[in-house]
Each structure stands twice: as structure tokens, then as C-alpha cells.
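Keep the structure open while reading.

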Amino acid sequence: MAIGIMGAMPEEIFLISENITGKKITTIGGRDYITGKLCEQNVVAVFSRWGKVAAAQSATTLITNFNVKTVIFTGVAGGADPDLNIGDIVIARDLLQHDMDASPIPAFKKFEIPLLGLTHFISQLELRTHAEKAAARFLASSGLADIDSEILAEYGILTPKIAVGTIATGDEFIADKQKIAKLREEINGLLCIEMEGAAVAQVCHEHLVPFVVIRAISDKADSDAMHDFSKFVKNVVNHYSLGIVTEMLTQWEHYN
Ligand code: ADE
């Protein structure tokens, strides 16, 4: 069985796709699923597009059509914890959908997924630890050397941190400090926000497939977010995605 690799934008998955050997492309539901080998592992890579529905449909196809045994999601996120800087890496311990709210109905808590009885989806400890070690190896090796040094200097990316914790997902690009402050009040230990992770996590949870979500901080979800995000996506994220995923796959026997 293969390992599924997802990114929401072509930039997040492009270098990974380029490095897959023995490629075969299957188009389902408007997405191209690229099967082949990466670091001697059988993989299926897909660019899911943005948002929870797009991500859920791609994750479901990976599981039901390609029978993947694990899902790795790699991409960018907006920082919510003020200690995080652009270029830092966040690995999800748990994810929730910040735009899910059925709480006017007394049976449900805010963020609870109706009928699942869960607010947070927790990633498998072994897989998330494997991702954390891979991210550390990526940063310790010459991982950043392939990235334009002017871009790194502009963002002040010198020695990026790795944080493991809570990611919140919603169908909204957030560029508003007040919104982030409110989410931080509501969600204990919130590290960053993005638009796909918790949807992938829900699908994987329902299919009993281990998942991990790895995010590089591209912006701080503030008034500079659009500018920072666009530049980071264009110049940086590809290298993070390929570097970390490659590190995970080359040492796969230590996870499996
Ligand atoms: N992904 C990267 N930055 C983001 C932001 N500011 N809001 C939502 N998703 C993001």
C-alpha cells in the first residue's frame, strides 16, 4: 500500500511530483493523482486545491481509490502564536475546524463535529514524531541552502523552530490580527491557521488512516499576510515540502 502526499497548492507539491519516478497520472474528480516511487517508497501525490471540501474530496480519493495506508499533508499556514515566525515549522498534534459551530443546538459544543462527538482530531503519535524528526534533519542539513538567500534575509529566517501543537482549519484566508486574537482566546494553545488540515484529519479519522499535517509558517495572518504568503509560496515552500517529506520517506522503516 502506498503513502498519500497532499498539498493544497501546486507550489506545495510541485518539487515532490517532479522527483517521483515511474510516474503514472490518473485524473479523478478534476484532480491529478501521481503514483510512482519517491525515496524507494510507493507514493500517490495530489494537489488538492484550497479549502476543506477540496481537501476532503482528495483525501477520500487517496484512501478509497488508491488504498493509501498513511496521509502526509504538507503546506503553509498563517501563524497565530506570536512566538512563531515566518519560516518556522508546525506539526499538528491535533486539528479542529474553527468555522464549525452547531452550538446554538444545546447538544453540541462549539467546534464539535456533529455526530462524531469530537472537536479535535489527534494525529498518531509515532507518525507526528517521525515528521518532527524529519523536519529537524531538514533544518540541520543544508535544507535552507537551496532557497534564495535574499528571500530568507527578508523574512529573517535564520534558525527556524519546530512546534508541535494545535492547528485550526477554516474556509477563510485570515489577514486580521483581531480575528486571530479571538481564535486564540477560544482555542487553547492555537499555533497556526490554515484551510485544509482538519478536513483531511476528519476523513482519515473516519477511515482509520494515520495522518500528519506539516505546515511552514508563511505569514502572520495580519495585514501583511497576503504579501508575505504570496512571496513565501512562490519562493520557499517547495523546498520545505520536498526536504521534510524526503527525510520522512528515506527513514520510513523507523516509523513503520
Ligand atoms: N495559509 C497560509 N496563510 C494563511 C492565512 N493567513 N489564512 C488561512 N490560511 C493560510
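Sorted by class, the residues in the shell around the ligand are eight nonpolar, two polar and three charged. The model is predicted, and the values below are computed from it.

The shell consists of 13 residues. Gly 78, Glu 172, Ile 174, Ile 193 and Asp 219 are the closest of these to the ligand. In the classes used here, Ile counts as nonpolar, Asp and Glu count as charged, and Gly is placed with the polar residues.

Which strands supply at least two residues each to this shell? They are β5, covering residues 70-79, β9, covering 190-194, and β10, covering 211-219. Strand β5 gives the largest share, with three residues.

Next, look at the nitrogen atoms of the ligand. A polar side-chain atom of Asp 219 is 2.6 Å from a ligand nitrogen. For Ile 174, a backbone N or O atom is 2.8 Å from a nitrogen atom of the ligand. Gly 78 also has a backbone N or O atom by a ligand nitrogen, at 3.2 Å. How much of the ligand does the protein bury? On its own, the ligand exposes 260 Å², and 97% of that is buried by the protein. The space that the ligand takes up is the largest cavity.

Now leave the ligand and turn to charged side chains across the protein. Eleven salt bridges are found when the whole structure is searched. One of them joins Lys 52 and Asp 99, whose closest N and O atoms are 3.0 Å apart.

Key. Residues are numbered from 1 along each chain as its sequence is written. This is a predicted model: local features need pLDDT of at least 70, side-chain atom pairs count only at pLDDT 80 or more; totals for chains, interfaces and linings use all residues. Side-chain values use heavy atoms; hydrogens and water are left out. A residue is near a molecule or strand if one of its heavy atoms lies within 4 Å of it. A polar contact is a pair of N or O atoms within 3.5 Å; within protein, one must be able to donate a hydrogen and the other to accept it, and residues adjacent in sequence count only if both atoms are side-chain atoms. Accessible areas come from the Shrake-Rupley method with a 1.4 Å probe; for residues, only the protein chains shown count as cover. On a 1 Å grid over the protein atoms alone, a cavity is a set of points where a 1.4 Å probe fits but cannot get out, and a pocket is an open set with protein on both sides within 12 Å along at least five of seven lines; lining residues have an atom within 4 Å of a point. A molecule sits in a cavity or pocket if more than half of its atoms lie within 2 Å of its grid points. Helices (H or I, at least four residues) and strands (E, at least two) are DSSP runs, numbered from the N terminus. A salt bridge is a side-chain nitrogen of Lys or Arg within 4 Å of a carboxyl oxygen of Asp or Glu.
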